[in-house]
Amino acid sequence: MTGVPASAAGGTGRPAPSGKLGAAAVNQASLWNIANILTMMRLVLVPAFVILLLQDGGHDPVWRAWAWAAFAVAMITDVFDGHLARQYNLVTDFGKIADPIADKAIMASGLICLSALGDLPWWVTGVILFRELGITLMRFWVIRHGVIPASRGGKMKTLAQGTAVGMYVLMLTGPLATLRWWVMAVAVVLTVVTGLDYVRQAVILRRKGLAAERAERAEAKAAAAGEPAGPSTGGSAGEPSR
């Protein structure tokens with residue numbers, strides 16, 4: 001999220017006013033836009049969700065239903081804030097940081113609470129959280145070389161995780177209780193498979209980035225050695241030909 005382009009008009013497509021007033025409008029729109037407000041709402045819903053889930057020992061069906069409602073709203077806002085940010089160019093630096101934090105916070109809180117209540121095996125929570133933490137660290141590892149776009153598998157993983165956790169939050173019985181086990185199994189498999197694929201892509205991206213850096217250093221060293229820097233062919237003035 002960049003926080004500048006169409007935010008100058010507050011995401012409306014109208015030209016921004018000039019001067020200091022225009023700059024203030026840009027700064028305000030870059031943070032206080034609908035996408036960021038939805039992200040903030042999701043952050044607020046995290047403690048509310050935990051409180052509702054753990055009321056009366058965590059096994060009251062009514063409180064669990066309210067907790068499910070809070071979780072469902074959080075998942076829905078996750079879908080809409082990213083879509084709105086891209087659709088109306090409301091991308092901001094705040095959104096880049098807060099959006100993934102909100103996603104992981106609501107999911108992690110649900111998994112940990114369910115395991116603490118004895119409804120979900122701890123190893124399931126451990127696998128999912130280890131994957132999410134590992135991928136976050138991996139992003140920092142390769143961020144200077146580029147960004148790996150979200151894959152269809154990653155989106156399916158998020159959907160499966162959200163659906164499974166939501167089903168576990170509700171106190172289901174009978175066939176639905178069996179179904180939620182299978183949904184969680186699918187979520188775990190997708191979590192592991194997409195995690196391994198992300199590692200593969202990150203390694204490739206880093207190798208390409210390091211190779212490009214070595215090539216640039218070699219060009220700079222050759223230029224410093226006194227090679228003639230004549231006019232480039234096909235490039236703009238001062239741009240080396242390739």
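This report describes the helices, helix contacts, aromatic pairs and selected residues of a predicted model.

## Basis of the model

Because the model is predicted, local features are reported where pLDDT is at least 70 and side-chain atom pairs count only at pLDDT 80 or more, whereas totals for chains, interfaces and linings use all residues. Residues are numbered from 1 along each chain as its sequence is written, and side-chain values use heavy atoms, with hydrogens and water left out.

## Overall architecture

The protein chain holds seven helices and zero strands, where helices are DSSP runs of H or I with at least four residues and strands are runs of E with at least two, numbered from the N terminus. Read along the sequence, the pattern is accordingly α-α-α-α-α-α-α.

Of the 242 residues in the protein chain, 35% are buried; buried means under 20% relative accessible area, exposed means over 50%, and partly exposed lies in between, with a 1.4 Å probe and protein chains only. Among contacts in the protein chain with a separation of 6 or more, 74% join residues 24 or more positions apart, a contact being heavy atoms within 4.5 Å.

## Helix 3 against helix 4

Helix 3 (residues 61-87) and helix 4 (residues 93-116) have axes that come within 11 Å and cross at roughly 155°; the axes are lines fitted to C-alpha atoms, for helices over the stretch in contact, and the angles run from 0 to 180 degrees between N-to-C directions. That angle makes helix 3 roughly antiparallel to helix 4, since angles over 145 degrees count as roughly antiparallel, under 35 as roughly parallel, 65 to 115 as roughly perpendicular and the rest as oblique. The crossing of helix 3 and helix 4 is left-handed, a term that applies if the near helix is turned anticlockwise from the far one by less than a right angle, with clockwise giving right-handed.

On the helix 3 side the contact involves Arg64, Phe71, Ala74, Met75, Asp78 and Asp81, which meet Asp99, Asp103, Ile106, Met107 and Leu114 in helix 4. By class, the residues of this contact are six nonpolar, no polar and five charged, where Ala, Val, Leu, Ile, Met, Phe, Trp, Tyr, Cys and Pro count as nonpolar, Asp, Glu, Lys and Arg as charged, and the others, Gly among them, as polar.

## Helix 4 against helix 6

The axes of helix 4 and helix 6 (residues 152-169) come within 10 Å and cross at roughly 40°, and the two helices are therefore oblique to each other. Their crossing is left-handed. Met107, Gly110, Leu111 and Leu114 in helix 4 meet Gln161, Gly162, Val165, Tyr168 and Val169 in helix 6, and this contact has six nonpolar, three polar and no charged residues.

## Aromatic pairs

A search of the whole structure finds two aromatic pairs, defined as rings of Phe, Tyr and Trp (its six-membered ring) with centres within 6.5 Å, whose planes count as stacked under 30 degrees apart, edge-to-face over 60 and tilted for the rest. Phenylalanine 49 and phenylalanine 71 form a tilted pair, at 5.5 Å centre to centre and with 40° between the planes. Phenylalanine 49 lies in helix 2 (residues 34-54) and phenylalanine 71 in helix 3, so the pair ties together parts that are 22 residues apart in sequence. Both phenylalanine 49 and phenylalanine 71 are buried.

The rings of tryptophan 181 and tryptophan 182 have centres 4.9 Å apart and planes at 85°, so this pair is edge-to-face. Tryptophan 181 is partly exposed, at 48% relative accessible area, while tryptophan 182 counts as exposed at 54%.

## Individual residues

Aspartate 56, in the loop between helix 2 and helix 3, has a phi near 55°, a positive value in a residue other than glycine, and counts as exposed at 56% relative accessibility. Threonine 125, in helix 5 (residues 122-142), is buried at 2% relative accessible area and, leaving aside its neighbours within four places in sequence, is in contact with Leu111, Ile112, Ser115 and Leu120.

Proline 100 is found in helix 4 and is partly exposed, with a relative accessible area of 28%; proline 100 and threonine 39 are 61 residues apart in sequence and 9.3 Å apart in space, C-alpha to C-alpha. Histidine 83, in helix 3, is likewise partly exposed, at 41%, and histidine 83 and alanine 35, 48 residues apart in sequence, are 8.2 Å apart in space, C-alpha to C-alpha.
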